[in-house]
Number of protein chains: 2
Amino acid sequence: MQPAVKIAVAGLGTVGAGVLQLLERQAELVATRAGRRIVVAAASARDRRRDRGVDLSAVRWYEDAVAMAGDPEIDVVVELIGGSDGVALHVVEAALAHKKHVVTANKALLAEHGTRLARLAEEAAVALAFEAAVAGGIPVIKALRESLAGNRVSRVYGILNGTSNYILTTMREGGREFAEVLGEAQKLGYAEADPSFDIDGIDAAHKLAILASVAFGRPVDLRGVYAEGIRHVSRLDIDFAEELGYRIKLLGIARLTDHGLEQRVHPCMVRRGTPIAAVEGVFNAVVAEGDFVGRVVLEGRGAGAGPTASAVAADLVDIAAGRYAPAFGVPIHALRDLPGAAMDRHRGAYYIRLMVVDQPGVIADVAAALRDENVSLEAMIQRGRAPGEAVPVVLTTHETEEAAMRRALDRIAALEAVLEPPRLIRIEDF
Amino acid sequence: MQPAVKIAVAGLGTVGAGVLQLLERQAELVATRAGRRIVVAAASARDRRRDRGVDLSAVRWYEDAVAMAGDPEIDVVVELIGGSDGVALHVVEAALAHKKHVVTANKALLAEHGTRLARLAEEAAVALAFEAAVAGGIPVIKALRESLAGNRVSRVYGILNGTSNYILTTMREGGREFAEVLGEAQKLGYAEADPSFDIDGIDAAHKLAILASVAFGRPVDLRGVYAEGIRHVSRLDIDFAEELGYRIKLLGIARLTDHGLEQRVHPCMVRRGTPIAAVEGVFNAVVAEGDFVGRVVLEGRGAGAGPTASAVAADLVDIAAGRYAPAFGVPIHALRDLPGAAMDRHRGAYYIRLMVVDQPGVIADVAAALRDENVSLEAMIQRGRAPGEAVPVVLTTHETEEAAMRRALDRIAALEAVLEPPRLIRIEDF
């Protein structure tokens with residue numbers, strides 16, 4: 001057997017502890033599969049004394065993770081600190097500068113600096129591996145980069161944020177409102193005290209930017225991702241979705257269009273009966289469509305210590321066995337200069353919910369605004385009657401352009417009988 | 001860029017033609033991802049003149065595929081002939097003897113000779129790659145071998161035969177009988193003229209034996225696979241399954257038990273709402289359960305020229321890029337000597353359907369037979385009344401041992417009031 005691979009772990013929170021536990025518990029298994037032992041030789045974290053369930057007595061401890069990245073004995077630096085800048089970035093840069101392989105679970109870092117870091121890794125002839133950064137234990141990066149290597153991908157999409165999916169599932173199953181379920185998720189530890197990252201689509205946008213780069217062989221373009229979260233999805237919308245045969249999911253979607261690559265994260269109505277509609281709770285799923293393979297669906301746990309440690313271990317085994325691919329599947333010079341498509345140019349069907357005063361003529365005014373923008377109605381539901389009071393009116397449209405839809409909605413929002421900002425949810429046809 | 005990889009393709013049926021088309025259409029893409037061109041330098045098939053939609057004028061043609069495998073110019077032999085013995089086996093053996101990498105889609109070959117061929121490949125220090133042999137374009141082999149490398153797998157199962165799944169789905173959706181749907185599938189080309197391979201579980205058994213080897217790091221053991229097909233599933237059973245909250249699927253299941261590794265292929269009742277229950281028509285799916293990653297589900301097209309070519313191309317790109325793993329994930333000497341568990345020792349819940357004469361005392365006799373074998377009833381349904389005539393009676397049991405269940409069924413089958421052989425379908429709890 002070849003000499004052991006020596007790794008340094010920066011960041012020993014839940015995920016870091018999970019990685020240490022996996023490497024200890026599965027040491028034999030991992031050594032057999034990698035063809036050599038993987039040994040944790042150094043570590044760095046804020047709190048040295050915390051019990052992480054593993055023996056760290058033989059591990060060299062660094063106060064300064066950046067200094068650790070330069071330790072000449074280390075072959076691979078595992079970055080589990082998190083955050084797009086600061087220490088995490090410095091550790092990864094230092095590791096690559098010292099020609100050490102890097103494994104990271106840090107989606108924010110890759111979404112912000114992925115292309116530049118991949119170039120540094122390529123110049124240093126080392127691996128930059130990040131299976132754990134997207135969809136936890138589900139092997140989406142490897143599948144897109146290696147298993148679909150013979151395909152042109154036309155679309156990749158998925159449920160990339162477990163917290164949002166948990167909230168939407170719980171709202172639907174319990175017939176409950178967003179704020180209440182969010183509060184409960186925070187108590188259960190499924191959502192952060194500051195939940196914006198999850199529920200405003202930021203986390204999903206990071207992951208989508210990475211997925212799109214791997215799937216389309218294009219530089220990471222986080223700025224090109226349109227992102228909208230689940231904050232405004234109400235129980236009413238979930239009920240209407242059920243009635244219309246849909247389920248509401250927060251999806252990240254990257255799709256080739258005539259105008260370039262569309263990257264967007266927003267709540268979607270997806271038809272019940274499609275695989276993605278059946279993915280509930282904290283589970284994640286990614287669907288890729290290739291010209292030869294057709295539709296491939298990958299589903300599993302998108303977060304948590306175990307699944308993330310599993311993905312980190314897979315990257316470590318690949319590196320130890322010497323079988324790593326370029327970060328985004330192709331050399332940096334071969335990344336395609338594929339333009340991004342503006343959200344205004346998006347074409348799709350829409351669900352619109354209005355709260356209107358139940359009085360004659362309102363629907364006529366709404367319909368006129370849509371007609372003037374060439375938005376073609378597919379269906380209209382006005383449930384119940386309450387003359388003079390607020391009632392919900394739901395409209396679904398045929399395929400139309402986002403910009404036209406927005407203009408029509410601005411006009412509709414200005415109508416006196418329309419009481420709240422109109423709610424728009426895009427309908428996706430899978 | 002490195003020099004081109006030169007490949008020889010043995011067998012140019014639907015899949016072979018698909019591979020040639022992919023390598024022609026995606027030549028640039030594949031070269032960028034592999035870091036070198038992949039060139040079809042030689043080919044062999046029964047009929048040279050058939051139009052395969054690609055230009056073969058620059059390809060060296062061999063009448064004898066085994067001779068082709070020895071061509072010194074060739075780096076990789078792609079075996080797409082099929083069959084567990086004969087030419088396919090000789091081509092693969094010859095290729096390995098000449099230290100050439102082998103890519104194959106041949107599940108029967110691997111199920112019969114996998115361990116021996118993997119040893120030959122290891123001795124020759126070449127790749128034996130077979131992503132296309134199981135579940136078509138779905139990257140199940142790579143996921144189990146590489147992405148789950150840090151996990152102990154406790155169970156792997158899946159819908160491995162698209163023809164059977166198509167028949168079961170069509171029976172359910174149309175309320176139709178097996179024989180009728182099979183006949184139609186044969187007309188549509190979804191089932192072979194001799195359908196035994198598909199509907200008797202043989203094809204699924206081949207695939208399960210391969211999956212189990214990769215998932216559990218164990219020599220391929222086709223003889224250890226219990227196999228039973230869908231021939232005896234009737235519309236009545238499908239209706240009862242729906243009533244009980246189940247769906248009937250032909251599954252291949254490999255599971256670690258106290259008695260060793262269980263490998264079995266048979267119709268199963270799976271609870272509606274589980275991911276596997278939602279996989280319909282010709283789609284395949286594989287579910288793996290690992291101790292760190294949890295449950296991972298992979299779904300897609302399990303057969304056809306496009307998906308199979310996609311899997312072959314992925315193997316070729318990996319080989320061209322030099323990043324191939326041992327055939328079963330670990331060196332041959334490290335394959336575990338894990339005993340096989342006999343089907344008699346299987347423990348699980350059962351669905352039993354009897355056709356009985358509707359007369360007093362029958363249920364008491366049936367219940368007595370079960371009691372005497374310590375089989376505990378969970379539910380009993382006798383639908384309708386037709387004194388003196390045949391009526392279906394359905395029983396479900398709590399977990400019990402297969403041998404006891406069989407003994408009880410033998411006694412029940414011998415009862416005078418029981419008119420047809422009892423039908424048994426295992427209930428799986430996922």
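This dialogue explains how to read several features of a predicted model with chains A and B.

Colleague: In what order do the six strands of the open sheet in chain A stand?

Modeller: Helices (H or I, at least four residues) and strands (E, at least two) are DSSP runs, numbered from the N terminus. Two strands pair if DSSP finds at least two bridges between them. In chain A the order is E3-E2-E1-E4-E5-E6, with parallel pairing. Strand E3 (60-61) and strand E6 (128-129) of chain A are the edge strands, each pairing on one side only. Strand E2 (residues 38-44) of chain A is joined to E3(A) by two bridges, and Ala43(A) stands opposite Trp61(A) in E3(A).

Colleague: Which helix packs on this sheet of chain A, and what is its direction relative to E5(A)?

Modeller: Two residues are in contact if their C-beta atoms, placed from the backbone, lie within 7 Å. Axes are lines fitted to C-alpha atoms, for helices over the stretch in contact, and angles run from 0 to 180 degrees between N-to-C directions. Helix H12 (residues 305-320) of chain A packs on the sheet, touching E1, E2, E4, E5 and E6 of chain A. The direction of H12(A) makes about 165 degrees with that of E5(A).

Colleague: How many residues does each chain give to the contact between chains A and B?

Modeller: Chain A gives 46 residues and chain B gives 46 residues. On the side of chain B that touches chain A, helix H2 (27-34), helix H6 (140-147), strand E12 (294-301) and helix H12 (305-320) of chain B each supply at least two residues. For the composition, Ala, Val, Leu, Ile, Met, Phe, Trp, Tyr, Cys and Pro count as nonpolar, Asp, Glu, Lys and Arg as charged, and the others, Gly among them, as polar. That side of chain B has 25 nonpolar, 12 polar and nine charged residues. Across the two chains, strand E12 (residues 294-301) of chain A pairs with E12(B) in the antiparallel sense over three bridges, and Leu298(A) stands opposite Leu298(B).

Colleague: What rotation superposes chain B on chain A?

Modeller: Copies are superposed by least squares on the C-alpha atoms of residues with pLDDT of at least 70 in both. Here a rotation of 180 degrees, with 0.0 Å of shift along its axis, superposes chain B on chain A with an RMSD of 0.0 Å. The two copies are therefore related as by a two-fold rotation axis. The same surface serves both copies, as 100% of the contact residues of chain B recur in chain A.

Colleague: Are Ala135(A) and Asn374(A) buried or exposed?

Modeller: A residue is buried if 20 or more other C-beta atoms lie within 10 Å of its own, exposed if 12 or fewer, and partly exposed in between. Ala135(A), in the loop between E6 and helix H6 (140-147) of chain A, counts as buried because it has 31 C-beta neighbours inside 10 Å. Asn374(A), in the loop between helix H13 (362-372) and strand E14 (377-382) of chain A, counts as exposed because it has 10 such neighbours. Ala135(A) has a positive phi of about 60 degrees although it is not a glycine, and phi of Asn374(A) is near 60 degrees.

Notes
Residues numbered from 1 in each chain as written. Chains lettered and ligands numbered in written order. Predicted model: local features only at pLDDT ≥ 70, side-chain atom pairs only at ≥ 80, totals over all residues.
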